Amino acid sequence: MRLGIHTKINEGFEKAVLRLVKLGCNACQIFSRSPRGGKARVLGEEEVRRFRELCGKHDINPVVVHIPYVLNLATSDPKMHEYAWAMVKEDMARADTLGASFLVLHMGSHRGEGTDKGLAQVAKALNSALEGYEGDTMLLLENTSGSGTEVGSTFEQLGQVLNELKIRRAGICFDTCHGFAAGYDLSEGEKVDATFNELDRIIGLSDLKLIHTNDSVFPLGSTKDRHADIGNGYIGERGFKAILNNPRLQGIPFILETPAEQDEDWERNLKTVRRLTGE
Ligand SMILES: [Zn+2]
């Protein structure tokens, strides 16, 4: 299986890759810039070359870039809208430079304009961002927990935006914590099957490219986005055993975004996943 973590790169790409190797990961997710936004540092040619070389050497694939949380693609405010799509455009280019297979983004919140308007704004922003894009990175829409006026918490909403994109090189990243918080039960085998059957019916499983593997601090349908250690939340070990071993999800990379202060936090969660999959 392809299994990785969201790793920091503030000590440089080289250290980040060596950490992944030490943890036994063969996939990873990074921010290509500060998650709090601001102007992005220019990526140096040499560090990019070295990063790509190390990922190749240690078989780290896919590399995933997560876009900063600050942008709101669902906004109707013209300035924020432009800021959001310009950042997607820039991060798609940065992700491509880094050799990343995917760029993951959250859609944002409609802030009172209504879900349909919010989704239309997301599609409009993404079509502006992707116009003329010729890189190899694929854009992935991540499901949200549906808190406040957030859009993108249901398969219908994700599918609606995918359908409105002018280029078809886009897919879905399913976050287990967000899905559970939005009301998709994942706590046992039958419920897991039902959730992915629904995803298949509404979007198509072939568009599911990545799974953010996180347990949930809060119960089903809470709409609260708080990640817990694998097996330590309301999805629980039974749920994750069913998700991780689900035959229909084989070949899809799993990326952990569990709470981590230090490497031993990653070690503990990776160990749980490996125990549940028998690897
Ligand atoms: Zn996530």
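## Basis of the model

This is a predicted model, in which local features need pLDDT of at least 70 and side-chain atom pairs count only at pLDDT 80 or more, while totals for chains, interfaces and linings use all residues. Residues are numbered from 1 along each chain as its sequence is written, and side-chain values use heavy atoms, with hydrogens and water left out.

## The zinc site

The zinc ion is coordinated at 2.2 Å by Glu-142 (OE), Asp-175 (OD), His-212 (ND1) and Glu-257 (OE), where donors are N, O and S atoms within 2.8 Å of the metal (3.2 Å for Na, K and Ca), and the site may look incomplete because water is not among the atoms.

Along the chain, the donors of the zinc ion follow the spacing E-x32-D-x36-H-x44-E.

## His-110 and Ala-74

At 12% relative accessibility, His-110 is buried, and Ala-74 is buried with a relative accessible area of 0%; buried means under 20% relative accessible area, exposed over 50%, and partly exposed in between (1.4 Å probe, protein chains only).

Leaving aside neighbours within four places in sequence, His-110 is in contact with Ala-74, Thr-115, Gly-118, Thr-149 and Val-151, contact meaning heavy atoms within 4.5 Å.
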